[in-house]
Each structure stands twice: as C-alpha cells, then as structure tokens.
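Dear colleague,

Please find below the structure that I am handing over to you. My notes on it follow directly after.

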Amino acid sequence: MLIIPLLATISCSQDLKKDYASYADYPVLTDDWIEMDYTPVQTQFSLWAPTADEVQVVIYAQAQGGTPQQMIRLLPAPNGMWKAVADGDYKGLYYVFNVKIDGVWQGDTPGVMAKAVGVNGDRAAIIDLRSTDPEGWESDHRPPLKSFSDIILYEMHHREFSIDTAAHIKNRCKFLALTEQHTCMLDGTKTGLDHLKELGVTHVHLLPSFDFSSVDESIVPSTYNWGYDPKNFNVPEGSYATDPFKPGVRIKEFKEMVMALHQAGIRVVMDVVYNHTAVLKGSVFERTVPGYFYRKDEKGNWGNASGCGNETASEREMVRKFIVESVSYWAKEYHVDGFRFDLMGVHDIATMNAVRKALDAIDPTIFVYGEGWAANPPLLETRKLAMKTNIKQMPRIAAFSDEFRDSLRGEWGDDSKGAFVIGRKGFAEGIRMGVVGGVEHPQLVSDPLGKKLEFWTPEPTQFISYVSCHDDLCLQDRLKSSYRGASEKELVTLEKFAQSIVLTSQGVPFIYSGDEMMRTKKGVSNSYRSPDNVNAIFWKKKAQYRELFDYVKELIAMRKAHPAFRLGTAEQIGSNIQFLKTEDSNVVAYQIAGNIMGERWKNIIVVYNARRDVSTVNIPEGVYTVACGDGLIDWRKGMGTVKGNVVNVAPRSTLILHQ
Ligand code: CA
C-alpha cells in the first residue's frame, strides 16, 4: 500500500457550523449515494454528514483491532457531502468514518452505505465488487413471471431450513445450502433446494439475510436469531457465509444462492427491515447525522413504532433515498426479485411508492409486499403511513391480511382461540373475504355479526393470504393450542383443510416453511432466539407426513395449472365468483364460472366444510368431476363424478368440483 500524506487540513471554522431550522432544511444528495469508490489507482471516500464540523476516514489492515494505518481528512463538498481521494491501491484494507460535531467525535462507523464489511460488520472493506460475481453471473436471469397472481410464497430461515443433519446438506445453515442439488434423506425424501422444487413454490422469502448484529460471526455460530436487528443494510449477513472473515465471500455466496434458485425456477424475496436499527445510540445513523434518521415526539422522546426502541423517519428526504437506493442495490447487484417490508406501516406512503417506482425501472416483475401495520403508533400522521388500510394509495404493493389469517386460525394475541378451521362460528365472512382476495364483492358485507371487515385492497394481487408465518405459533402449534385434545389424525386433517383454503383463494398465497410437513415449534410463539431444537425443520417429518406434503404440493400444482384460482383482478373476481347459499355458517361455498382465459375447467365449485360432520350443499344442477375432497386430491385425473343439485361434503375438508 502506498502511504500518502494527509490531505490539507481545513480549519474548523464557524462558517462550517450548520444549524438547520428543521430536518426539511438539510441538504439532499442528488447523485447516487456512494461512500467508497474503488479503482486500483485510487479510492474515493464520501460521507453525507451535513452537520459535521470535521470528517475523517481511518484505514486499517484488519477488520477488528490493530492500529490505524492512515487517517484521511475529508473535505466539505456540495449537498452536505464530505469527500477525499486516496491515491494508490487500497484493495484488501478496511475503513471507518468518524464525524466530529460540536467538538465531539461521534465514533467509528463503516458508514451508512457500506457494501462490504469485515467480520461482525464493524469496519467496511475495500473490495472490487466485480470479483465477487460467481461464474455465469452475467447470464443469470429472473425466472419468468407473467403476473403477481402467479406467485406462491414460501417463507424460510437459512439456519432452521438446513441445520438438520438428516437432510444431508453440506453447507448447513449457510447461503450455500440453497445451492446444493439432489440432497435427500437416507430414504430418498428430497430436502433443501430439491424440496422447494418438488413443492412447486415460485418464490422463497428469506428471513433477514442482510447483516444483523445478534449472532457473533467470529465464532462458529451456535445461536439462532431471526435477524430483525439490522446493522449494515447493504451487506449480506456474515454468519450465513462459509468465511465471514473474508469480506467478498458472503457477497459471492449470496449471489451463488440467488443463481441456484433462479436456475431452479424460483425467485428470491428478501425480508427488509428499514423501520428500525438494532441499536439507537451508536448506530451508524446516529453517529453520522444525529437525530436525522429517526423520529422523535415534541418532547424529544424517541419514537418506538417498531417495538424495538426506535423508528426510522422515511418521510425525510435522505432516509427515503436510503431505502430506495438500498432495495435498488439488492435488485441490481444481487438480482433479488422481491422485498417483504417488515412493519411497512412505520414507513410513509410516498416512500413505498418511490420504492415501487425505482424497482419498476429495474424490472416491473419485482414483487413488493409488507406488514401493513406497526408495533406501536408511529410518530407520523396516520393518513401518511403505509398501513394496510392505505394500500389503495400504493398501487402494486401488497400487504398481509391479518383478517383472513385470524378468520382461519383465530385472533392474534390469544393462542387458545381458534376460528373457522376448527369449526368456531362467526368467521365465514372473513373466509369469504379471503376467497376473493380482499376486494369488494357484491355478495359480501362489511359488518358480519358486528365484526367489521374493511375491504382494503383494490386488487387481489395486493392481498397476501396466509394462515401462519414466523411470528406467532406455527400452524400445528396453533391448532393444538386452540383445539385441545385433538388427535394427530385430526391435526393432519385440519392442516390440510387450512392450507387448502389458502391455496384456492384469490390473494397471493404464502406458506410458512415446514407447515407442509407438520412442523412444530414446541408451542413457542416468539421463537426469534429460541434454540435450534425449537426452530429447526426436522426433515423426517416430511417422510412421516408425506400425505400432507403431497396434498399441499398438489394444491400448488392445481393452482398453477388452473387460472380460475388466480383470476388476478377485482373485475375478474367480481364477474366470475359467485357465493352459494349454505345452511350452516361453518360452510363456505362458491362457484367460479364464466369465460376465464386459459381455463379448461368449467363451473368450478369449491366448498369449505368446517363442521365436524358431513354438510349437504345445494349446487347448480349438473354432472361434475371431483378434483379434491375429503382430504384427498387428484385434480389431474379426477376422483370420480357427482350428479345432481346437492353434494355431500366430508367434515373439515375442501371439496372441489368442475365440469
Ligand atoms: Ca452480522
């Protein structure tokens, strides 16, 4: 390395002191937000720090410890930026920024936009990003996707998905686990990537895979964490890399994972958590531009809409720019195909629309969805928030339907309560709402039995249908806790029933990893840092509950083969779905009929019977082929025929007929 002399020191005069009247007065960067630009002959460092008196970058040979090799003073530049150019080849070195405000150095950070870091993410790394591209990366492409209505999401966590040695995955708990082909159990049951292919999902939704702080990367990681504690938003997590000490490895392996999934025909969704940071004091944001990145109330108390001690302020220009550039970077550099926004309701509508616009410019098939709520009320006017109820103002952005979820499994916050699936009365209208993907429908009422339902989504592709996810109990545990004394056979029946409703409904279906094979988390609802024996997917269950797995797999295949189950627009749903009268409130029946493009089946009848006994339902007179009934499915060949204008539906099951 060439040691260059310090750049001229500028005097820290009063004219540099910047007292802005409000955050809206802070200067805004109009160019791309790049903090380190490497070439073999020079490296440029830049930092947006409009309130700084001085900014320096300190160069190290190590990712942790050691003594500084060099200190470089940055000079003020337009728009609140500070810049310095260091001549020579800095590849392989590490750096931290430090900002002085009112005479106080704020502390080392890798910057807010670090793209490569050393172990545990404390120092940024100088690498040549192009050297992280795996072979064939330039020809990697997103698997085809005609419409968001074709999507089937599968939510998974790296560690729990591949930790079980029975899966015979070599790179257990790593990004590379999802690159391994032909992995299976001793009995031949497919695991890992092959399991995903066999199941037929179109998208994997990866729990946080950016750099988070809770797992120590410097040791062989033995602790589990969901990873909702962001540290460096634009770098992959080190504990999922085979070598977290080499900054390029996590980047390359993440790309290898994306490429392998793409080759398997599966798109990749990242769970992104821009609503808060792991810590407030000492975070990269606070150390760079104190106060700017987070909301506070009038009394100066920090907001806590995230429930994690802080909330970011997406409505401020540079925070919005940060989020937009970050997702754009993952989409371009890593070829990520979708983003799930954690607590999207903490963000503002304008930011989410800016995200959508930026991603549309890259590829309009990139999917965006989020949790349309917050953990606590955000410190921003409700009308501006990206809440589920404001989704009409966010075209082509989807949100999870807690109404459908709760109507299926029981309300949030009381695990002892079940709902439609176990035959508790009062949830049929919520199920019907889910059937139509949350859009307004002439036969649905907004206030069934005094339970207000708001039809918040204009299109079914903005409505995520699910019965379980990583939050709360997994499906089997919830069924057990709400239906005490259920036999194992009953539990399998109920799991099938629940998944059949999700997978035949018109919203975008979402499956929680392992629910297709009777996963249990041993009754732990908030398993964010529970031990592996709680969170792990045990693959022997796939063989043990093969019947359930095959049932879910065939439902997915049927959905993909039959456009009637994914009509895609509110208009199509309004004109093709007709609810049938049922005598019992625990039975929901409907017909999908009309001129549906590409659909070979005519007059499809779907009945969900949540009763503990057989239900008789009136249907339009005719001869029908049975595609699915009594917990069995054979939609390809059919399972016999029924004739007439009434049909018997087995207890706790979905019946699907067609002509
Ligand atoms: Ca980390």
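Which residues lie nearest the centre of the second largest pocket? They are Trp-33, Ile-34, Lys-115, Leu-129 and Tyr-329, out of a lining of 25 residues. This is a predicted model, in which local features need pLDDT of at least 70 and side-chain atom pairs count only at pLDDT 80 or more, while totals for chains, interfaces and linings use all residues. Residues are numbered from 1 along each chain as its sequence is written, and side-chain values use heavy atoms, with hydrogens and water left out.

Pockets

The terms are as follows. On a 1 Å grid over the protein atoms alone, a pocket is an open set of points with protein on both sides within 12 Å along at least five of seven lines, a cavity is a set of points where a 1.4 Å probe fits but cannot get out, and lining residues have an atom within 4 Å of a point. Grid points are joined across faces, edges and corners, and a volume is the space filled by probe spheres set on the points.

The second largest pocket has a volume of about 690 Å³. Helix H5 (residues 317-333) gives the most to its lining, with seven residues; strand S1 (36-38) and strand S8 (124-125) each supply at least two. Helices (H or I, at least four residues) and strands (E, at least two) are DSSP runs, numbered from the N terminus. By type, the lining of this pocket divides into 14 nonpolar, one polar and ten charged residues. In this division Ala, Val, Leu, Ile, Met, Phe, Trp, Tyr, Cys and Pro count as nonpolar, Asp, Glu, Lys and Arg as charged, and the others, Gly among them, as polar.

The largest pocket has a volume of about 950 Å³. Its lining is made up of 34 residues, with Ser-306, Leu-343, Glu-371, Ala-375 and Asp-471 nearest the centre. Helix H7 (residues 402-409) gives the most to this lining, with three residues. The division here is 13 nonpolar, eleven polar and ten charged.

Cavity

One cavity of 30 Å³ or more is counted, and the largest cavity holds about 40 Å³ of space. Phe-233, Tyr-274, Phe-285, Thr-312, Val-319, Phe-322 and Ile-323 line the largest cavity. Six of the lining residues are nonpolar, one is polar and none is charged.

Nonpolar cores

A nonpolar core is a set of buried Ala, Val, Leu, Ile, Met, Phe, Trp, Tyr and Cys residues joined through side-chain atoms within 4.5 Å. Buried means under 20% relative accessible area, exposed over 50%, and partly exposed in between (1.4 Å probe, protein chains only). The largest core has 154 residues, of which Trp-48, Leu-196, Phe-339, Phe-341 and Tyr-608 touch the most other members. H5 gives the most to this core, with nine residues. A second, separate core of 25 residues includes Tyr-38, Val-55, Ala-114 and Ala-124.

Calcium site

The protein donors of the calcium ion are Asp-211 (OD), Phe-212 (O), Glu-217 (OE) and Glu-237 (OE), lying 2.2 to 2.3 Å from the ion. Donors are N, O and S atoms within 2.8 Å of the metal (3.2 Å for Na, K and Ca); water is not among the atoms, so sites may look incomplete. The spacing of the donor residues in sequence is D-F-x4-E-x19-E. Phe-212 in strand S11 (residues 210-212) and Glu-237 in the loop between strand S12 (230-236) and helix H3 (247-263) are 25 residues apart, and the pair links distant parts of the chain. Phe-212 is buried at 1% relative accessibility, and Glu-237 is buried at 0%.

Individual residues

The contacts below (heavy atoms within 4.5 Å) leave aside residues up to four places away in sequence. Ser-465 lies in strand S17 (residues 463-465) and counts as buried because its relative accessibility is 0%. Ser-465 touches Phe-404, Val-502, Gly-507, Val-508, Pro-509 and Phe-510.

Gly-265, in the loop between H3 and strand S13 (267-272), is partly exposed at 38% relative accessibility. Gly-265 touches Pro-143 and Thr-202. Its C-alpha atom lies 9.9 Å from that of His-141, a residue 124 places away in sequence.

Yours sincerely
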